[in-house]
Each structure stands twice: as C-alpha cells, then as structure tokens.
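Q: Please take a close look at a single part of this model, and then say how that part sits in the whole.

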Amino acid sequence: MLRYVLAVLLTVAVLGVAVVAVDHGTAVRGERQAVAAVAALDTAAVDLYENEALALAGGHPPRRAVEVTLPGAGYTSAPAEHISFERVPEQPHTRVTYRISGRAKRRRVVDAPLVRAGESRFRLDGVTGPVTLVLRLVPDDDGRPVVSVTVDR
C-alpha cells in the first residue's frame, strides 16, 4: 500500500514540475517572438528612414513590408498583454514597450520615428500571429520624414 501512495505522490510531483516547465517555456517563446518582431521592424524601419527620400508631391512613398509573427495565446506561446509604441520627442527614435503574459515588461528602442494613422503613440494590442507590417516613409505635420506603420493581415 505504501508503494502505491509513494507512486501517486511522485507522479503528482513530476506533473507539477512539468506544468511549471511548460508554462515557463511558453512565456519564453512568446518573448522571443516579440523580440524577433521588434528587431525585424527596427531593421526595416531604419533602412527605410536612413536610405530613402520623401516622395515628390503626388508620388508613391518609399515602402518596406516586414513579415513578423506576433505572440498569441496557444499551447507553445504565451500572448502579449500589450505592445505599445511611443516616439521620443524631438529625436528620431521610438520606444517599444511590451509585456508577455508571465514575464516582466520589456523596452526596446527603434532607431526611426514610427507613427500609425498619424499618431506618435499607438498600440498593437490584439494583433497576433503572422502579420505583415507595411512601412511607408511619409512627411509628418512639420514636413520631416517619419515611418508610417500599417498592419496587413
């Protein structure tokens, strides 16, 4: 009888450790997806911002398309609780803040001024899975170049 009790206790302990390990693994994978998405966005936005010129009046703005996978809820990945962007005033940088479920809040800096629908502060909450981010070099209200971000599913 004692053997059966010990076997059950050992099984419960192993399952408890396995659940914690899987939970940690999903959070780490979600964070890796977020880091990779921000890095790809940074690379494309900086290339566009530094190597292209604003289009002449009536012309098509220079653009880049970046395919990324934003973390979503699933068995292998934890979702992003929020992903927000905020331009640094008077500088050509954008702060990206994100939090993956079960992890600490993280910040990264994109070395290009990003806007979405003309707003210098925006969020991509609820956008998950594989998406295409379309980046266009457009003038802001003062005529300075900024990178406009559009989400294309």
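**A sheet and its chain**

A: In this predicted model, A80 stands opposite I100 in β3. That strand, residues 94-100, pairs in the antiparallel sense with strand β2, residues 80-87, over seven bridges. Two strands count as paired if DSSP finds at least two bridges between them. Strands are DSSP runs of E with at least two residues, and helices are runs of H or I with at least four, numbered from the N terminus. Residues are numbered from 1 along each chain as its sequence is written. Local features need pLDDT of at least 70, and side-chain atom pairs count only at 80 or more, while totals for chains, interfaces and linings use all residues; side-chain values use heavy atoms, without hydrogens and water.

β2 and β3 belong to an open sheet of four strands, in the order β4-β3-β2-β6, with antiparallel pairing. At the edges are β4 (105-110) and β6 (121-123), each of which pairs on one side only. On average, neighbouring strands of this sheet are turned by 20° against each other, direction ignored.

Along its principal axes, the C-alpha trace spans about 85 × 25 × 20 Å. The helix is α1, residues 2-51, and L6 lies in it.

Key: Axes fitted to C-alpha atoms, helices over the stretch in contact; angles between N-to-C directions.
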